[in-house]
Amino acid sequence: MATAKPILYGAWISSCSHRVRIALNLKGVDYEYKSVNPRTDPDYEKINPIKYIPALVDGDIVVSDSLAISLYLEDKYPAHPLLPKDLKRKALNLQIANIVCSSIQPLQGYAVIGLHEGSMSFDQGLQIVQHYIDKGFRGLISYHLFIVK
Ligand SMILES: N[C@@H](CCC(=O)N[C@@H](CS)C(=O)NCC(=O)O)C(=O)O
């Protein structure tokens, strides 16, 4: 019996979903893609109770959060590794991935900025977005320089 393809719930506008699509494609995994709006799709909460995308349904397991999904895929499909074998390089890669997932993207995303919609101007929102992207990417550039040394 053929094994069912994993299903990725995501959206075109979501950089978190793109991270998982890139991982799936680098590993050559055949998957089904379902586009959802996590805020308005009433059924999505049953897939991911926290109502964020992405979420990957693989048989009887649902894995959500782009980093957790990527690490799950890394373990399940070891061919075409996403992470280097070298301990220090691997640690730096995970550091960068986690900074993107927890110290840049969520702070400037809808979860924070959208909450203040109507109570803050467009320019104030933009200032917050730029602050976290600028701070985060300055850090990432420095870590990158450290890696290539
Ligand atoms: N750390 C999570 C963040 C998930 C996240 O913030 N997803 C966004 C799209 S990129 C989302 O679902 N936003 C909907 C909302 O904030 O209501 C990850 O990397 O997957």
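Serine 66 sits in helix α3, which covers residues 66-76. The model is a predicted one.

User: Why is serine 66 called buried?

Analyst: Its relative accessible area is 3%. The cut-off for buried is under 20%, so serine 66 counts as buried.

User: And what does serine 66 touch?

Analyst: Leaving aside residues up to four places away in sequence, serine 66 touches Cys16, Arg19, Val20, Pro54 and Cys101. Contact here means heavy atoms within 4.5 Å.

User: How do you describe the way α3 and α4 pack?

Analyst: With two packed helices you give the angle between the axes and the distance between them. For α3 and helix α4 (residues 87-104), the axes come within 9 Å and cross at roughly 145 degrees. On the α3 side the contact is made by Ser66, Leu67 and Leu71, and on the α4 side by Leu94, Ala97, Asn98 and Cys101.

User: What makes up that contact of α3 with α4, by class?

Analyst: There are 5 nonpolar residues, 2 polar ones and no charged ones. Cys counts as nonpolar under the classes used, and Cys101 is among the α4 residues in the contact.

User: Zooming out, what are the domains?

Analyst: The protein is split into domain 1 (7-76) and domain 2 (87-148). Taken over C-alpha atoms, their centres are separated by 20 Å.

User: How much area do domain 1 and domain 2 bury between them?

Analyst: About 600 Å², with 72% of it on carbon and sulfur atoms. That figure is the accessible area the two parts lose on being put together, summed over both. Within domain 1, Arg19, Arg39 and Leu67 lose the most area to domain 2, and together they make up 66% of what that side buries.

User: What does UniProt have at residues 4-81?

Analyst: An unreviewed UniProt entry places the feature "domain: GST N-terminal" there. Over residues 4-81 the chain is 35% helix and 21% strand, and the end C-alpha atoms lie 23 Å apart.

User: Is alanine 4 buried or exposed, and what makes it so?

Analyst: Exposed: alanine 4 has a relative accessible area of 62%, and the cut-off for exposed is over 50%. Alanine 4 is found in the segment before β1 (7-10).

User: How far is alanine 4 from aspartate 58?

Analyst: In sequence they are 54 residues apart, and in space 8.0 Å apart, C-alpha to C-alpha.

Key. Residues are numbered from 1 along each chain as its sequence is written. This is a predicted model: local features need pLDDT of at least 70, side-chain atom pairs count only at pLDDT 80 or more; totals for chains, interfaces and linings use all residues. Side-chain values use heavy atoms; hydrogens and water are left out. Helices (H or I, at least four residues) and strands (E, at least two) are DSSP runs, numbered from the N terminus. Buried means under 20% relative accessible area, exposed over 50%, partly exposed in between (1.4 Å probe, protein chains only). Axes are lines fitted to C-alpha atoms, for helices over the stretch in contact, and angles run from 0 to 180 degrees between N-to-C directions. UniProt positions are given in the numbering used here, feature names are shortened, and annotations may be inferred rather than shown by experiment. Domain bounds come from an automatic or database domain assignment. Buried area is the accessible area (1.4 Å probe) that two parts lose on being put together, summed over both.
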